[in-house]
Structures are given as structure tokens and as C-alpha cells.
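Okay, everyone, let's get going.

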Amino acid sequence: MLWAPSYLDAARAPIAATARHFDNLCMDTHIYDTLIIGGGPGGLTAAIYLRRFRRDIILVDKGHSRLQLIPVTHNFPGFPDGIQGKQLLENLRCQLGKYEGSVTEGEITDVRLENDLFVATMGEQQLLARTVLLASGIADAGLPIENWHEAVASGAVRLCPVCDGYDVLDKRIAVVSSATNPVGHALFMRTFSTSVTLFERGADAHLDAGQRAQLEQAGVRYVLSPLKGIGMTDSMKPVMHTEDGEDHHADVVYPMLGETARSDLAAALGAEMADCKELLVDKHQQTSVPGLYAVGDVTRGLNQISVAAGQAAVAATRIHNRLPPRYRT
Ligand SMILES: Cc1cc2nc3c(=O)[nH]c(=O)nc-3n(C[C@H](O)[C@H](O)[C@H](O)COP(=O)(O)OP(=O)(O)OC[C@H]3O[C@@H](n4cnc5c(N)ncnc54)[C@H](O)[C@@H]3O)c2cc1C
């Protein structure tokens, strides 16, 4: 028998009708408890919890977790010597495998609600699920640096002051101002070094007098001439080229160019969003669309591995408790 989540207040008949509809189209009529979209730390942690709650899930991932960009993370609890992002991803996948869970490679391109079931498109396939957990992360703005993947892998270009500020103690740090937070990141980095220089993204981004005073007071050097480009020396050190023809050498650069949440699938369902398309969720990680949950970077908040994992634990437990019981027989 097919089941409709009680919080959707739906009768069972429409769900059966949806399943029959897909049956007629020769499509998969299997109904998952949860479809997880995204296989980074958020999606994988949720999958581990839900499999351990003996739930019938499918996790679909198109393979661009930000975890893969992390050379070594030193702030994720339990790894005193740090752990490579790729290794952590591998560990999480392996842990999921212990509970007969796996990652389905693919991309979900559409999710709609039909008779209180979620219907998702993956290539030629339609997937049916009672609940959806979106863990699709964010897209970093493109960096104006040649071979930026190598530069990030070497640690010369860094994207997350909260993650690795401590790891660049006393280095020459360059920060490129962000549109939403022009001086905040540079001030944050003063905790870690006496040599912090702020560059502007463009001529239209000049700081006001109050912001310049804040920098001066904190001992942050400010380069007025707008940034033209960022190069790398042979030994992988950043060189900041400014419009006035000067080259400014640094040990690391934080180009805070912004990011966009990959929340379009939720937006199409009508989910409420904050700035940068980040999803708003309640204390159980549910979006404004009943049955649609979101965790990790795609939601508003601190973009960290431990946050994504913690939110996933909350969401997965809530989902399990709201689904009908699955008693052991
Ligand atoms: C250089 C760098 C260093 C960092 N260092 C640290 C650190 O030291 N400590 C720390 O805590 N955090 C760090 N972070 C941040 C950390 O990587 C993120 O907070 C974390 O990966 C977020 O996890 P997530 O599961 O929300 O998203 P992600 O890990 O980004 O995973 C999202 C996944 O969803 C997939 N996806 C998206 N849309 C779809 C779709 N429609 N269909 C199928 N799949 C889809 C993506 O391909 C991706 O695989 C760092 C980030 C970067 C870039």
C-alpha cells in the first residue's frame, strides 16, 4: 500500500493515482522514503543516518562537492593531523556502504509535487519520493586566475577564512574585497597576521571613509588602485596586479568573489530564500515547502563541514520520525 505523509494531509488515493500514471508511462513506480540530492558531507551524513534508521533512500550526486577542493582540513573534529577533503568524502561514502547505501551518479534537473509525492527527473528517469533532502551546496564565483584549481590545491589561493585562517599564521595575506562584505574578511584575517592587505575588485567598489578608518585602526593595508588580475609565481605565490601597473607579492590570497546557492530546484517548488539564493529552513531543517528539507551550504548560515553534518543529523532524524514507523518484523 502506498502512503502519504500525514503532515501533507493527503489521502492515499491520489498517490496511488500518481504511481499508476507513471506506471502507464513505463516509468519506475518505486516510492522512496527520501530522495537526497547532493553527495557532499551534508547529503552523505543524512544518507548514513537514514540508512541506519532502515529507510529506503536514493542519493543522487553529480560529483562537484566543495570537499574535493580542500587540500587538508584542520578544523573538522576528530582528525588531529587534519584530513584531505577527498579522503573525507571517500570515508563518508565507505561508511554509507556499510549500511547498504550508495551514491547514484547523476543530476536531478527538476522536482515537482504531484498528489503529495515528489517527482524528480534524472536523465530519462523519474524518481518518486515521499520526502526530499536538498544538499546541493553552493557554486563559487569563477576566479580570475589561470589554473586556479592548482592554486587552490597548493593553498596559495584560499576561499574560506573561517576554515583555514589559523593555517596561514604570520603569512603575507592578500584579501580581495567582496561586494556584500567589503572590509569584514580583511579585518577577520588580522587575527592571524600583521601583514594583511585589502584589494578592491574594481573602480566601482571604492570603500567609504568609515570603512577606510576601520582598516587603518586595525592595521590593514589598503590598496586604492583597483585589482587588474592575479598571477602566480613559479613557486605558487600570488602576485596581485593593480591598474596603476604595480605588482604586489603575497603568500596567500583570499579572493572573496562570492557564491550562489544551488537552490533552483527548491525555488521552483516555491521554497523561501534569503540573499544569494540561500534557503531558509526551520529548526528541523525543513524549508517552507512541507516535506522538502535542506542542509549544508545551500541553506543560510555558516558554510562548514561540521555544520552540514550537524544539520543533516537533525533533518534525517526529523524525516524518520515523521514517516510512518518501520517496525522490525
Ligand atoms: C577550498 C575550500 C576549503 C574549505 N575548507 C574547509 C575546512 O577546512 N573546514 C570546513 O569545515 N569547511 C571547509 N570548506 C567548506 C566545505 O567544503 C563546505 O562547507 C562543505 O563541503 C558543504 O557541504 P555540502 O554537503 O553542503 O555541499 P558540497 O560538499 O558542495 O556538496 C554538494 C553536492 O551536491 C551536488 N549537486 C548539486 N546539485 C545537484 C543536482 N541537481 N543533482 C545532483 N547532485 C547535485 C554537487 O555536485 C556536490 O557534489 C572549504 C571549502 C573550500 C572550497
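So, start at the ligand, with His-64: a polar backbone atom of this residue sits 2.9 Å from one of the ligand's oxygen atoms. Keep in mind that we're looking at a predicted model. For Gly-63, a backbone N or O atom is 3.5 Å from a ligand oxygen, and for Arg-66 the corresponding distance is 3.2 Å. How much of the ligand does the protein bury? On its own the ligand would expose 1000 Å², and 98% of that is buried by the protein. There are 35 residues around it, and the ones that come nearest are Asp-61, Ser-65, Thr-73, Asn-75 and Ile-305.

Stay with Arg-66 for a second, as its side chain has a partner too. Which residue does it meet in a salt bridge? That's Asp-140, at 2.9 Å from N to O. This one ties together distant parts of the chain: Arg-66 is in the loop between E2 and H3, Asp-140 is in strand E7, residues 138-140, and 74 residues separate them. Are these two buried, or partly exposed? The cut-off for buried is under 20% relative accessible area. Arg-66 comes out at 23%, so it counts as partly exposed, and Asp-140 has 26%, so partly exposed again.

Now for the salt bridges in general. As background, side chains of opposite charge can pair when their charged atoms come close. How many do we have in the structure? The count is 12. One that I like is Glu-107 with Lys-62, whose side chains meet at 3.4 Å, N to O. Here too the pair connects distant parts of the chain, 45 residues apart: Glu-107 is in the loop between strand E3 (103-105) and strand E4 (108-114), while Lys-62 is in the loop between strand E2 (57-61) and helix H3 (85-97). Glu-107 is partly exposed at 40% relative accessibility, and Lys-62 is partly exposed as well, at 42%.

Then there's Asp-164 with Arg-158, where the closest N and O atoms are 3.5 Å apart. What about their burial: buried or exposed? Both of them are buried. And if you'd like something beyond a simple pair, look at Asp-33, Arg-55 and Arg-130, which are joined in a network of salt bridges.

Searching the whole structure turns up 3 aromatic pairs. One of them is Tyr-49 with Phe-53, an edge-to-face arrangement with 6.3 Å between the centres and 70 degrees between the planes. The edge-to-face label needs planes over 60 degrees apart. Tyr-49 has 34% relative accessibility, so we call it partly exposed, and Phe-53 is also partly exposed, with a relative accessible area of 24%.

Last stop, the surface. Which residues make up the nonpolar patch of about 260 Å²? They are Val-162, Phe-188 and Leu-302. Val-162 sits in helix H5, residues 161-164, and at 41% relative accessibility it counts as partly exposed. Helix H5, by its residue range, also takes in Asp-164, the residue that bridges to Arg-158.

That's my tour, so over to you.

Technical notes. Residues numbered from 1 in each chain as written. Predicted model: local features only at pLDDT ≥ 70, side-chain atom pairs only at ≥ 80, totals over all residues. Heavy atoms only, no water. Salt bridge = Lys/Arg side-chain N within 4 Å of Asp/Glu carboxyl O. Helix = DSSP H or I, 4+ residues; strand = E, 2+ residues; numbered from the N terminus. Buried < 20%, exposed > 50% of the residue type's maximum accessible area, 1.4 Å probe, protein only. Phe/Tyr/Trp six-rings, centres within 6.5 Å; stacked < 30°, edge-to-face > 60°. Near = heavy atom within 4 Å. Polar contact = N/O pair within 3.5 Å; in protein donor to acceptor, adjacent residues only side chain to side chain. Areas by Shrake-Rupley, 256 points an atom, 1.4 Å probe, with all protein chains shown as cover. Patch = residues over 30% accessible without salt bridge, like charges linked within 9 Å, V, L, I, M, F, W, Y side chains within 5 Å.
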